[in-house]
Amino acid sequence: MNTPIIEVIDLTFDYPGFRALAQVSLRIEPGTVTALVGPNGAGKTTLLRCIAALDTPLSGTVRVAGHDVYESPREVHALMGYLSDSFGLYSELTVAQGLEYAARSQGLATEAVAKAVQTTAERMGLGDKLQKLASTLSRGQRQRLAIGQAIIHSPQVLLLDEPASGLDPEARGALAGVFKALQAQGMTLLVSSHILAELDAYSTHMLALNQGRVLEHRALGGATAASAGAPAERLLRLEFVHSAESVASWLANQVNVTLRHIDASGLEISLRGDAAAQAALVSACVAAGYPLTVVAPVTENLQQSYLKSLEAGRSSGRDSKSADKAQP
Ligand code: ATP
């Protein structure tokens, strides 16, 4: 695995009398876009705030680009942008003034500010609105200004909490275009949203939380992860001449293979590796006496992945108990 840009180890966070995150561990690779999903109250905002060092956990470690966020919050904030779910704008400042204020708060050198304001406004499609007051912007434009303020210092990592809430479909589509462009420039994004169709348009990974625990964290189907520079992970459907059950235990022991689902006619696996790894697995199946009839990529959208993950969590019992009660 690549060196992660975000690493969370055994993170536990308590509100008074309530455990919101219980021993959460995860690694996010650079250049990826991770959809942070989960039901209301799952802990998404709390996790984002902990990663941004805005809240201090009971225990655990968070590193961003190798820095411990609680020991070196300034270093981390210099390379991170954060959009809160309840972001505020100074309504009496113009777009240019709001961006300038953000640039100066991020410590940009005075001579770099004007250029950063202009470039960011253009990046966010606000190049012709520089002299407009924030209070006169539409909801979508305000959202883009807030994101502009979060990225004015060209961070490596951008955390976004419900960035599309309240936007109409056209504004959501425009925002998805912005996120794709940021990813193409090498930024790593972690985006929480309930609007899965919108996340689907640009996410390479899904991180599903429920009741303060990680239900599932994995690459989404298709070649998106590989195109983001992350190691490829393929979701494949395999069908055999023999019954799926008779192949399952052998398959589960193969390097880079994780079994995801078995049904009467076949099974789904996640294979870490490229086309050569897939070809090698097919040869190994045949050599082991398990001839294949089908090898096909699994194409499921984020909504399907999320629902499957919730369902698997329920049947394994992870959903039935909430994160441990906070210790007094
Ligand atoms: P949503 O999708 O509704 O925004 P979420 O996944 O972002 O939810 P969090 O806001 O992180 O969830 O909240 C996680 C849990 O912690 C919830 O059960 C919530 O009620 C609880 N919680 C959040 N803030 C506080 C607080 N200040 N005091 C006590 N409990 C809190």
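This report walks through the domains, the ligand site and the salt bridges of the structure above.

## Overall layout

Please keep in mind that this is a predicted model. The protein splits into two parts: domain 1 covers residues 6-222, and domain 2 covers residues 224-297. Between the C-alpha centres of these domains the distance is 35 Å.

## Around the ligand

Let's turn to the ligand.

Several polar atoms of the protein come up to ligand oxygens. The side chain of Thr-46 places an N or O atom 2.5 Å from a ligand oxygen. For His-194, the corresponding distance from a side-chain N or O atom is 2.8 Å. Gly-43 takes part through its backbone, with a polar atom 2.9 Å from an oxygen of the ligand. On its own, the ligand would expose 640 Å², of which the protein buries 62%.

## Salt bridges

How many salt bridges does the model have? The count is 10. One of them pairs Glu-7 with Arg-27, whose closest N and O atoms are 3.2 Å apart. This pair connects distant parts of the chain, since Glu-7 sits in strand β1 (residues 6-15) and Arg-27 in strand β2 (residues 18-28), 20 residues apart. Glu-7 counts as buried because its relative accessible area of 17% falls under the 20% cut-off. Arg-27, at 35%, is partly exposed.

Asp-55 and Arg-49 form another salt bridge, with 2.7 Å between the closest N and O atoms. Here Asp-55 is buried at 16% relative accessible area, whereas Arg-49 is partly exposed at 27%.

What about Arg-218 and Glu-216: are they buried or exposed? Their side chains meet in a salt bridge of 2.9 Å, N to O. Arg-218 is buried, with a relative accessible area of 6%, and Glu-216 is also buried, at 18%. Elsewhere, salt bridges with shared partners tie Glu-7, Arg-27 and Arg-63 into one network.

Definitions and conventions:
Residues numbered from 1 in each chain as written. Predicted model: local features only at pLDDT ≥ 70, side-chain atom pairs only at ≥ 80, totals over all residues. Heavy atoms only, no water. Domains from an automatic or database assignment. Salt bridge = Lys/Arg side-chain N within 4 Å of Asp/Glu carboxyl O. Helix = DSSP H or I, 4+ residues; strand = E, 2+ residues; numbered from the N terminus. Buried < 20%, exposed > 50% of the residue type's maximum accessible area, 1.4 Å probe, protein only. Polar contact = N/O pair within 3.5 Å; in protein donor to acceptor, adjacent residues only side chain to side chain. Areas by Shrake-Rupley, 256 points an atom, 1.4 Å probe, with all protein chains shown as cover.
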